[in-house]
Structures are given as structure tokens and as C-alpha cells.
Amino acid sequence: MKEFWTTLASVMGVWAFFQSILHTVFPPELRFASLKLFHRFFNWFSAYCYYDITEIDGVNTNELYNAVQLYLSSSASITGNRLSLTRGLNSSAITFGLSNNDRLMDTYNGVTVLWEHIVTQRQAQTFSWRPLPEEKRGFTLRVKKKDKAVILGSYLDFVMEKAGEIRRNNQDRLLYTNSRGGSLDSRGHPWESVPFKHPSTFDTLAMDPAKKGEIMADLKDFANGEAFYQRTGRAWKRGYLLYGPPGTGKSSMIAAMANYLGYDIYDLELTEVHTNSELRKLLMKTSSKSIIVIEDIDCSINLTNRKKNSGSGTNSGARNNNNHNNTSNFDASVPGSGNGGEDGGNSITLSGLLNFTDGLWSCCGSERIFLFTTNHIEKLDPALLRSGRMDMHIFMSYCSFPALKILLKNYLGYNKGDLEKDLEEEFKQVMDKAEMTPADISEVLIKNRRDKERAVWELLEALKLRADKKSKEMMINATDLEVEEQEKRALENPKENGELQENCDKRGGDDDLENADQINDEKIN
Ligand SMILES: Nc1ncnc2c1ncn2[C@@H]1O[C@H](COP(=O)(O)OP(=O)(O)OP(=O)(O)O)[C@@H](O)[C@H]1O
Ligand SMILES: [Mg+2]
């Protein structure tokens, strides 16, 4: 035993001596070079090569890491021995994943690879602009050297594609918002997401069936149009502008589109974006197969440009008019005009927005839909409306009779032929005149949904009342217009002044509809 300890001590002594010689005799460069050589030598004889996929790549989240995690979750559920199970807040799907430092074999085109999930504690952070997660996570992929070409050539693309598919099929859509302003989360994301569970579909959407069919066909063509867009040299994106009065289903349409295509929604809050470059960064962080929505676009742009006018002082010259069209026309025709439209870097501009949808940056990523909504299309800048910018303008109108039939079916379970013929005729007669929105009609139907007959009867009454009111309003408006015309003519031609006074007096005495007819008759005579 004594002999053993003596031998061990002498071996240790020799090793320490050798190390001290190595340290003193060889400069550090040489030491590193010899270590590298040793590694090369070792790798030369190894049959494998290794790829590390870390969760955070520099400061950004590595999309490949997320994709691998999802991809493995599908195969892990079948073959893995130890799995970590996660279920996101409000999510209906359970995701399987590899536990920390666990391994999993996968086979692709006859090639077997080994995935290892490695989790280590992150060292105490020195200064950083944003906090990083406490754990350092990553996957290591072990591949046989001879299979390297297959793996790098197509396996990783396959993993990415499969992950996207799994997420779309198994998980809920995601609704992203930029309500945090420009700040990033610990994984470098400017968007916050929640599961998107809006129940609106094209089946529940009340609108003219022909128009609906057209939109659905357009969406399908877009989603299946990769080859077409490639062939024609166009970026794979499409723009829709939804316009119409409040309560006609613009937001419901967005949800229906997302549910139809299985896309995520990025709800872009323009008032939270401070500069054009911030807008670009947000765009860069959107994923493909998504709908980027800007609701009430007229309000957002108006707001920005009003701010611009008030702050631009002497520079405002030609654009000091607060009229929307004048203000936002500013450099709008030059979408690529860089920072020409920036307001000292404090606000986004129309040109920035056009760059967002149209410029070179809009093509980073693919298969994306840009969707703007507005209640006042007439307030929008012509630059936003010109052809090619928003590919399809969709008017969401007041409820028509075909749209009503969809609501009756959805809310009361009425099928074709369930409504009596004369009742149907009555509805047809008042529907267009009443100008009621699907939202208004839904309210009446929901309120009485336990009593179908009452619901229909009450709806018909409401429609008739509204139609009546509308036609009276129209007549009064026509009369007002007529009087205005006469006043104008009288000012231009003072001779007619006496006649005008007479008419005005008549109108002032009694503002009812009979009087309006009288004025019209006088004019005709
Ligand atoms: N076309 C429609 N089909 C079915 N339901 C509709 C339709 N339009 C409106 N509704 C009902 O009315 C409610 C409000 O509709 P929605 O929010 O989609 O209107 P909007 O056009 O986006 O209004 P706003 O311009 O005020 O944003 C919805 O919850 C939906 O139930
Ligand atoms: Mg809306």
C-alpha cells in the first residue's frame, strides 16, 4: 500500500513538473495551437460531427431552436422515455418535449441522427441592455460525417417546415400585439402573444355569398400560390383593405380569414410605434403565414401627421392645413424616400407605413397578408389606395337580405324555406332601405333567441322603423340641399334674392315634409 502511494505521488510530481515546463517554456499561442491540433486529431478519427443550436443567437431568439423543440415534440410523444410536458396559458394543446439533457434518435430518409437537449445555468450576467433567461438552453445534433450533406441540405428545412405545420394544426392561432411599445422581452421579441380563439369563420360571417366566395377563393389562391409568385417575380404577400361603417364585420372578417388559412395575427398598434425604423424592426420579427393588421388606419395616420404639422414650425408651409388628405400626402408618393418623411425620428410617417407594406423590407419573410381597416375610406391618402398597394378593397356593407339569411340561420337555426313567403317579401322590401348593420341585427336576434317568432317579428319592426326614419332623413337632406343651392344662386345673382327670401320664409315657418315638396314644386315651376 505504501508503495502505491509513493508511486502515485511521484507520477503526480512528474505531471506537475511537465505542466510547469509547458507553461514556462511554451508561449500561450503555442499551447492553444497544440490543443487545437489535439482536437483536430481527435475529430479526424471521430465518425460524427456535431451542430449546436442555441436558444438565443446573439441577442435574438433562434427560430431554429423553437422549431426543433416543436418538431421533436411530435416524435418524442411516440418514442421518448422521459418527456417534459407543457401546456401554455389558455392553450388547448399539450406539448411534449425533451427533458433537460435528454437524448432522442430521429430518422430521416434512412439517416439516423441524435438530438440532445442541453440546459446549463447561465453565469452571473454582466451588464446587458436586456435581461437574459437564467438558463442557457440548446440542442446538439449529432450526425454521422457521411450523412452531413443530407442533414444540411434538407433535414433542417424539413424540421422547420414540419414545426410550422405542427403549430398550425395542433396549437391555437396566436394573436400578437406590440402593446409593450418598442421594448423587447428577454428573448428579444417586440411582440407579445396570446392564443387566438376568435370563433368567427366564413360560415358565421354575414355577407353576400358571392362576395364571400370571391374572397375565400382569393385567399386560397394566395396561400397556394408560392410557385405563381416565384414565377412572376412578385413578393409573396397580399394586401386587403376592409372598409365600411362600424359593426359591419371588419374585425370579424379578419378573424375569419385567420381561421380559414390557419395564420397568426399581428395586431399592429401604430400609436405604440415611435419611428419608421421601429416599424421595420417589428416587421422583421413577424413570422410567415401571418396576417399583419392595422385597424382604423385613418385614425393612426391622421394622428401622426397632425403631430407632424404642429411640430414642424416654419417648415409646415405647404402642408399647414389640417385637412387629412393634404397632410398625409406629404412625401407619400415616394414610398422609398427613406427618412425623407421622418419627423426628427419621433413619429412614423405615411411613407414609413408604405415602406412597411411595399418596400424591400416587406419581403423579408413570405406568405404574409397585410390588412388595413377603416370606417372612412374617403379620409385615406390616395397613396394608400392606388392600385397595386392594397390588392383588394372589400366594402363591408350594411346587412343585405342574403346576409340576413345567414344571421337567421346562425342565430335562430332558420334554414332555406323556413321563413314564410310574405314575411320574406317584407324583409326584402325594407332591408336595403333600413341600412342596419349586422351588429345591430345580431343584437335583436340574440335578445330574443329563445323565441324565434318574436325575434323575427321584432326584427322586422325594427327594420321598418329604421327604413321609415331613413327615408324621412333623406327627404329632409334633399330639401336642405335644395335651399343651399338656391341661396348660392341668389348670392351669385342678386335679382333672384327676393324669390329666395320668400322660399326661406316658407321653410322657416314649417319644416315638415309637405313644405319641402312645396319648395321643390316652386323651383320646378
Ligand atoms: N358581417 C357580420 N357577420 C356576422 N356577425 C357580424 C357581422 N358584422 C358584425 N357582426 C357582429 O357584430 C359584432 C361587431 O362586429 P365587428 O367588430 O366585426 O365590426 P367592425 O366592422 O369591425 O366594427 P368597427 O368598425 O367598429 O371596428 C361582432 O361581434 C359580430 O358578432
Ligand atoms: Mg373592428
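Entry 1. Does Leu460 count as buried, partly exposed or exposed, and why? I note before answering that this is a predicted model. I looked up the surroundings of Leu460 and found 16 C-beta neighbours inside 10 Å, so Leu460 counts as partly exposed; the class called buried would need 20 or more, and the class called exposed 12 or fewer. Leu460 sits in helix H16, which spans residues 452-492. When I left aside the neighbours within four places in sequence, I found Leu460 in contact with Glu426 and Phe427. I also checked Ile441, which is 19 residues away from Leu460 along the chain, and read a C-alpha separation of 10.0 Å for the two.

Entry 2. I then stepped back to the protein as a whole, for which I have 18 helices and 15 strands. Of its 525 residues, 25% count as buried. For contacts with a separation of 6 or more, I noted that 67% are made by residues 24 or more positions apart.

Entry 3. In which order do the strands of the 7-stranded open sheet follow one another? I read the order as S10-S9-S12-S13-S14-S11-S15, and the pairing is mixed. Strand S10 (192-196) and strand S15 (392-395) are the edge strands, each pairing on one side only. From one strand to the next, I have an average twist of 20 degrees. As a reminder to myself, strands of a sheet pair through backbone hydrogen bonds, either parallel or antiparallel.

Entry 4. I followed strand S9 (173-177) and found it mostly covered, with 4 of its 5 residues buried. S9 and S10 run antiparallel and are joined by 5 bridges; within this pairing, I located Leu175 opposite Val194 in S10. With S12, S9 runs parallel, and 3 bridges join the two; here I found that Tyr176 has Tyr266 in S12 as its bridge partner.

Entry 5. At the S15 edge of the sheet, I looked up the pairing of S15 with strand S11 (residues 237-243), which is parallel and extends over 4 bridges. Leu242 has Ile394 in S15 as its bridge partner.

Entry 6. Which strands does helix H7 (residues 250-261) lie across? I listed S9, S10 and S11, together with strand S12 (264-267), strand S13 (290-294) and strand S14 (368-374). Relative to S13, I have H7 running at about 165 degrees.

Key. Residues numbered from 1 in each chain as written. Chains lettered and ligands numbered in written order. Predicted model: local features only at pLDDT ≥ 70, side-chain atom pairs only at ≥ 80, totals over all residues. Contact = placed C-beta atoms within 7 Å. Pairing = 2+ DSSP bridges. Axes fitted to C-alpha atoms, helices over the stretch in contact; angles between N-to-C directions.
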